[in-house]
Amino acid sequence: MDFFQAVFLGILQGLTEFLPISSSGHLILIPAFFDWTDQGVGFDLAVHVGTLLAVVLYFRKDVFCITRDGLTSLAQRRMVGQGNMAWFLVIGTIPAGLAGLALLEMIDNELRAVEVIFFTTIIFGLLLGWADWRPNKGRTLDSLTWKDALLVGCAQALALIPGTSRSGATITAGLLLGMSRQTASRFSFLLAIPITALASAVKLLQAATSDITVDWTGFLVGGVTAFVMAITAIHFFLKWLNKVGMWPYVLYRIALAGVIYAVLM
């Protein structure tokens, strides 16, 4: 991987990880468009670590309070402060964690196809648009229940299919459950932390137990670029959310599906 590819893919991962347009789909499509070789486990680990650090840094106050109150609640055996949110994040992570363990080989070998990405891009894009269009979305984080966390977590598990989009699926589920755009997006981003940490751990294990030689220059360039772009994407997404809603991303997904059909199918 040359320097340009590392920067380009790092930018792509950082931007698309937290926007509802699918980072995994883009990282599969771009090499197909430009006839690049697969970026490899080492690079995937780098960009995952970059985006993980970005979301932890951006929500550092929330992360600190949730972690502190969660541990305190566990020690005292009663809910303290934001202790319930800590449990909601655990509950919401379980479906994707189990699905990843059970289906990862099938996902990597059978679902990384252009045809799959075409259908998931357009179907889940339209579903996001419909969820955003529906009225009466005003629930806040204080109103969340364990059932909400589980349902959003199941939506996150669906996002293991390339082209679905983790943030898109979880935000869609939140909107369908009556959450406001801000609430659905914020919960989606917080939910990204444990699942991205798990994904990074899996990638690290793969890199450590394989004979693959890690391109450390590409690793560093990709990770730093993904970090910078991810923290930028989160900031502007939340800033513009109430002004533009989800439809710009829906229209982008429809256009992307058209390009996929015209060029790669």
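I am working with a predicted model, where local features need pLDDT of at least 70, side-chain atom pairs count only at pLDDT 80 or more, and totals for chains, interfaces and linings use all residues. Residues are numbered from 1 along each chain as its sequence is written, and side-chain values use heavy atoms, with hydrogens and water left out.

**Helix α2**

I began with helix α2, residues 23-34. Helices here are DSSP runs of H or I with at least four residues, numbered from the N terminus. I checked the length of α2: its 12 residues should span 16 Å at 1.5 Å a residue, and the end C-alpha atoms are 17 Å apart, which agrees. The expected span is 1.5 Å times one less than the number of residues.

Next I looked at the two ends. At the start of α2, a side-chain oxygen of Ser 22 comes within 3.0 Å of the backbone nitrogen of Gly 25. Just after α2, I noted a positive phi of about 60 degrees at Asp 35.

Which residues of α2 are buried? I listed Ser 23, Gly 25, His 26, Leu 27, Ile 28, Leu 29, Ile 30 and Pro 31. Buried means under 20% relative accessible area, exposed over 50%, and partly exposed in between (1.4 Å probe, protein chains only). These buried residues pack against α1 (3-18), α6 and α11.

**Gln 13**

I then moved to Gln 13, in helix α1. Gln 13 is buried, at 2% relative accessible area. Leaving aside residues up to four places away in sequence, Gln 13 touches Ser 23, Leu 27, Val 47, Thr 51 and Ala 226; contact means heavy atoms within 4.5 Å. The side chain of Gln 13 also makes a polar contact of 2.9 Å with that of Glu 17. For a polar contact I need N or O atoms within 3.5 Å; within protein, one must be able to donate a hydrogen and the other to accept it, and residues adjacent in sequence count only if both atoms are side-chain atoms.

**Salt bridges**

How many salt bridges are there? I get four, taking a side-chain nitrogen of Lys or Arg within 4 Å of a carboxyl oxygen of Asp or Glu.

One of them pairs Asp 62 with Arg 186, with the closest N and O atoms 3.1 Å apart. Asp 62 sits in helix α4 (residues 60-76) and Arg 186 in helix α9 (residues 181-209), so this pair ties together parts 124 residues apart in sequence. Arg 186 is partly exposed at 28%.

I also found Arg 139 with Asp 148, at 2.5 Å between the closest N and O atoms. Arg 139 is partly exposed at 23%, and Asp 148 is buried at 7%.

Another joins Arg 68 and Asp 69 at 3.0 Å, N to O. Arg 68 is partly exposed at 40%, while Asp 69 is buried at 7%.

**Nonpolar patch**

Last, I looked at the surface. Leu 126, Leu 127, Trp 130, Trp 133, Leu 176, Trp 247, Leu 251 and Ile 254 form a nonpolar patch, with about 800 Å² of accessible area together. Areas come from the Shrake-Rupley method with a 1.4 Å probe; for residues, only the protein chains shown count as cover. Patches take residues with over 30% relative accessible area and no salt bridge, joining like charges within 9 Å and nonpolar side chains (Val, Leu, Ile, Met, Phe, Trp, Tyr) within 5 Å.

Which helix gives the largest share? I noted α6, with four residues. Both α6 (114-133) and α11 (247-264) supply at least two. Leu 126 lies in α6 and is partly exposed, at 44%.
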